[in-house]
Amino acid sequence: MIGIGLLLFLLLTATGILLVRNLFAVVILSGIYSLLMAGTFTILDAVDVAFTEAAVGAGISTVLLLAALGVVGQEDRGRNRRALIPIAVVVLAGVMLIYAVPEMPPFGSPEAPIHVHVAPQYIEETPSVIGIPNVVTAVLADYRGFDTLGEVTVIFTAGIGVLLLFAGRRRKYK
Amino acid sequence: MSEHLILRVVIKFLIPFIFLFALYVQAHGDYGPGGGFQAGIIFSVGFILYGMIFGLQRLRRVVPPHLILALMAFGLLLYTGVGFATILLGGTFLDYGYLSHDTVHGHHYGIFLIELGVGITVASVMIAIYQTFTARAEETTDENVGTG
Amino acid sequence: MSVLGNFNYVIAITLSMIGLYVLIERGNLIKKLVGLNVFQSSVFLLYISMGKIDGGTPPIHYEGIAPFSNPLPHVLILTAIVVGVATLSVGLALVIRIRDAYGTIEEDEIQALDAESGGTE
Amino acid sequence: MIFSNLAALQVVVPLIGAPLCTLFGRGILAWALSTAVTWFAFAVSISLLMQVLCCGTINYVMGGWLAPWGIEYRVDHLSALVLLLITGVASAVMPFAYQSVAREIPREKHRLFYTAYLLTFTGLLGMVITGDAFNAFVFMEISSLSAYVLIALGKNRRALYASFQYLVLGTIGATFFVIGVGLLYMITGTLNMVDLSERLSGQHDSRVFLAAVGFLVVGLSLKLALFPLHLWLPNSYAYAPSVVTVLLAATGTKVAVYLLLRFIFTVLQVNQQPDLLPVVDLLFPLALIGMFAGSIVAIYQTDVKRLLAYSSIAQMGYILLGISMASERGLIGAIVHVFNHGVMKAGLFVAVGAIAVHAGGTSIQNLAGLGRRMPFTMAAFTICALSLIGIPGTVGFVSKWYLVLAALEAGTTRGFIAAIAVVSASLLAIIYVWRVVEVAYFANPSDGEASVAEASWQTQFSLWIFSSSCVAFGLSTGLTAGVARLAAQTLLGIAP
C-alpha cells in the first residue's frame, strides 16, 4: 500500500520536474524525487541501494546542482522547441517497453528466472565462503569486485574531469 | 551564511558525529547496509557542511586541493594494488583468497582494503568537485559585485 | 500476467519516459541534466523491482530469516547510481563552462550564437 | 605469472597508469608514463593475439569466480583484433601527442589531460575484452566520461557545446544499453554473454526479448553514430584537440561496433534465428543512407576536420552494410573495415593535426600549396586519403573488395544494390578527397605564408606509421583478413 502511494508520488514529482520553470524548484523536486525513490527501494528490500540513493540523489546531487545554480542562475527562459520528434521518440521507446510488460516475469514471483539462476548461489555461499552476512557487500566487493573497481574508476574519472575542465586560468573565447 | 553564530556552533558540534557515522558505515558494510561508497559520501558531506558554513578558504586550509587530488588517486591505487597483490601471490586479479592462509580471512582483508579504497576516492572526489564548483560560484559573485 | 500485475514496471517505464522527454525536449541545460537524473533513476527502479520476492527480506543473513530478495540487481544499481552522479557532475561542470563561454545555458540561444559566428571556424 | 594474467594486465595496467599519472606526472613525466603504458598495452595485445591464434579463446576469471557468478574476460579472434587496433592507434599516436598536446593544452593541464587520456584508453579496452554485459556498461562509461571532458578541452568554445551534446546523447545510448541488458537479465538471470546466449535459446519470440534487442541496438547505434543518430559526431570530432580526435575517430565508434557485433551474433545469435533477421535487415537501409548522406555532406564541407568527420559517418555505413548481410564474407568485410578504417582515419587526423599547427588552420584554404611546403605530411595524407577511396594496394580496397564480394555472393536484388552502393559511394569519396588533394597540390598559397614549415619528426613518425600500415595491410592481408575470417566464423558459429 505504502509502495503504491510512493510510486504515485514519484509520478507527481516527475510531472512537477517536467512542468516547473524555476530551476531552484526543479532541483529541490529532483531531491524529493530521489528521496521518494530511496523509500521505494527500501520497500523493495534494497536497503543498500536506498541508502546510496538517499545519500547521492537527495544529498550530493542536490548540493552539486545548487552549487551550479549559484553560477548559472535560476531561470529557465527557454522557449520550448518543436516537440514532435521528442514526443515520437518517447512514445516509441515507451510503447516498446509497455509492449514487453505482459510477458515479464510476474512481479515478486519466486520462480522468475533471476531468482533461480546465479543469485541463489550468492545467497547460499556467502556466509561460508566469504564469511560476512551482507550478501550485497559480498557480491559488490568480491564476486563482482571488478565492476566495483570500474565504478571507482568512473568516480575518479568524474573528479579528474571536473578538475581538468576548471584547471588553470579562465579562457577568453572570441 | 558565515555570520550565523548558531549554525556555526551547531555544525562544529555535528561534524565529529558525521565523521563517526561515516566510519561506522565504512566498517559496518559487511554486516548491514553501507560500505565504502556510502561512507565516502557521508565523509565528504562532513567537509562540505564545513565549507558551507565557514567558507571555501577555510575548507581549503583543512583539505588543500593538492592533497585531495593525491587522495583521489591513492584510493584507486589501493584498490588496484590489492588486485596486483593477489596476482603476485599466485591468484587471478582480485582473488582475495590468496591474501591470507585462510581463504575466508583473505576475503575479509580484501573486502576491507578495497572498501577503504572506494571510501577514500569517493570522499575526495566529492570534496574536489564541491570545492571546484563553489570556487567558480564565488568568482561569479565577485564579478557581479565588480560590475554592479 | 496482466499489465496491472506488473504495476511497478509500468510506473518505472512511465517515469523513465518523462525523464527522457525532459532530457530531449527542454532547452535549458540544467533542466536537461535533471531530466537525465530522472531517466536514469527510473531505470534503477526497473532493476530493483525485478529483484523483489513476495515476502522477501533484505539480503542480509541473520538467523531464521528467509527468503531473500535478489542481491544482484542491488549490486548493479549501486554501480549505476555512482555512474549517474559521475555523469551529473561532469555535465554540471560543462554547463558552467558553457555559461562562461556563451553567457547563456539555453540551447536555442547557444545555437543562435554559433550560427552568428559562421558555419565553421 | 605474467603470461597467465595477460588478459587482466591488458586493462589493469592502463587503469593503474591513470592514477600514477595524476600523482607523479609532473612536466614531461605524464607523457612518458602514458607512452610507456600504451606501448606496454600494445605489446600485451600482440601476445594476446598470438595466444588466441595458437590456442583458441582465452578465458580469464576475475577474482577466481567462475563465469556466470564472477566477471569473466574473454579474448577471441574478434576482440584480439580490436584490442590490437586500439592499442596500436593509442601507442602510435604518442609521438605526435608530445608536440600537439604541448601546443593545444595549457601546461598546467597536461598531467590531468594524460590521466583522462589513459582513462579513455582503459575504458575502450575494457569494453572489448570483457565477457560480461554489465561490466561492458561500466567501462563504456569510463571511456565516455573521459572522452566528453577531453573533447571539451578544444580551443573553440563550440567544443564545450559539442561535448555537452555528446554527453546527452551518449548517456541516452548507455542508458538504453542498460535497459536492454536489464531486460535480458530479467528473462535469463545471468549477465555473462556466453551464458546469456545459451539461456536465451528458445525465448526468441518473447516480447521482453524483442524489446531488449530494440534497446540494445538503438543504444549501441547511438554510440557508433549510425546515420540518423550521428548528430553528436561531427562537432565532437571537429572541435576536440587533435590527439583526442585521432583516438576517438580511430577507435571510439569502432568499439561500439564491436559490442554491436558481440550482441547481435554472440549473444542474440541472429543468424541462427530466422525470425530475428529483421533486426539486421533494418540496418541495411540505414547503412545505405548513411553511406550516401555522409559522403554527400562531406563534399560540401569547407573544414577538413569536419569533412573527415562526415566521411566517418559514411564509412560507418560500409561497416554496417557488411553486418547487415550477416554472411561470412560480409562480416569479414565489416571487421576488416573496422580495423582498416581505424588505421586510415588515425593517419588522416594526425596529418590534419599537423596541418592545423603548421598552416594555421584546418579549413580547405589553409591547405593551398601545402603539397610543396609540407611534402611529407601531404604525401602521407594522400596515401591515407587514397585508402579512404579504396584504391587497389591500400587497405580501403581490401575491405571494399570483401564487401562487394559478399554482396554479389548473396545473389539477391538487395545484394546487387549493396554492391552498386559500395562502388558509387566510393566515387563520392573520390570527389571529397580530390577537393582536398587538389587544393594542396595545385592551388597557389593565397598570401605570404612562406613560413609554413614541415611537421616535426615526431609527428612524421606517428603519421608514417599509419600511412605505411595503410599500404602494408593493403598489400598483405594475412593478418587483418585472416584474423577477420576466423572472427567471422566464430561469430556465426561455424567451426573454423
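This is a predicted model: local features need pLDDT of at least 70, side-chain atom pairs count only at pLDDT 80 or more; totals for chains, interfaces and linings use all residues.
Let's start where chain D meets chain B. How many residues of chain D are in contact with chain B? There are 19 of them, and they touch 15 residues of chain B. Together the two chains bury about 1,400 Å², and 83% of that area is on carbon and sulfur atoms. If you go looking for salt bridges between chain D and chain B, the count is zero. Polar contacts do turn up, though: five residue pairs across this interface, with both residues at pLDDT 80 or more. On the chain D side, α1 (6-24), β1 (58-61) and α5 (110-129) each supply at least two of the residues that touch chain B. The largest share comes from α1(D), with nine residues.

Now please move along chain D to helix α9, residues 207-224, where you'll find D:V208. Is D:V208 buried or exposed? It counts as buried because its relative accessibility is 0%, and the cut-off for buried is under 20%. Leaving aside residues up to four places away in sequence, D:V208 touches D:L183, D:M186 and D:I187 in chain D, and A:A100, A:E103 and A:M104 in chain A. For a sense of scale, take D:P95, which is 113 residues from D:V208 along the chain: their C-alpha atoms are separated by 49 Å.

Next, the surface. Here A:I87, A:V91, A:V95, A:Y99 and D:L210 form a nonpolar patch, with about 420 Å² of accessible area together. Which helix gives the most to the patch? That is helix α4 of chain A, residues 84-100, with four residues. A:I87 is found in this helix. With a relative accessible area of 41%, A:I87 is partly exposed.

Last stop: two backbone angles in chain A. As background, most residues other than glycine have a negative phi. A:D45 is not a glycine, yet its phi is positive, about 75°. You'll see A:D45 in the loop between α2 (23-43) and α3 (47-72) of chain A, and at 6% relative accessibility it counts as buried. A:V118 also has a positive phi, near 65°. Where does A:V118 lie? Look in the loop between α5 (113-116) and α6 (119-129) of chain A. A:V118 is buried too, with a relative accessible area of 3%.

Notes:
Residues are numbered from 1 along each chain as its sequence is written. Chains are lettered from A and ligands numbered from 1 in the order in which they are written. Side-chain values use heavy atoms; hydrogens and water are left out. Patches are made of residues with over 30% relative accessible area and no salt bridge: like charges are joined within 9 Å, nonpolar side chains (Val, Leu, Ile, Met, Phe, Trp, Tyr) within 5 Å. Accessible areas come from the Shrake-Rupley method with a 1.4 Å probe; for residues, only the protein chains shown count as cover. A salt bridge is a side-chain nitrogen of Lys or Arg within 4 Å of a carboxyl oxygen of Asp or Glu. Buried means under 20% relative accessible area, exposed over 50%, partly exposed in between (1.4 Å probe, protein chains only). Contact means heavy atoms within 4.5 Å. Buried area is the accessible area (1.4 Å probe) that two parts lose on being put together, summed over both. A polar contact is a pair of N or O atoms within 3.5 Å; within protein, one must be able to donate a hydrogen and the other to accept it, and residues adjacent in sequence count only if both atoms are side-chain atoms.
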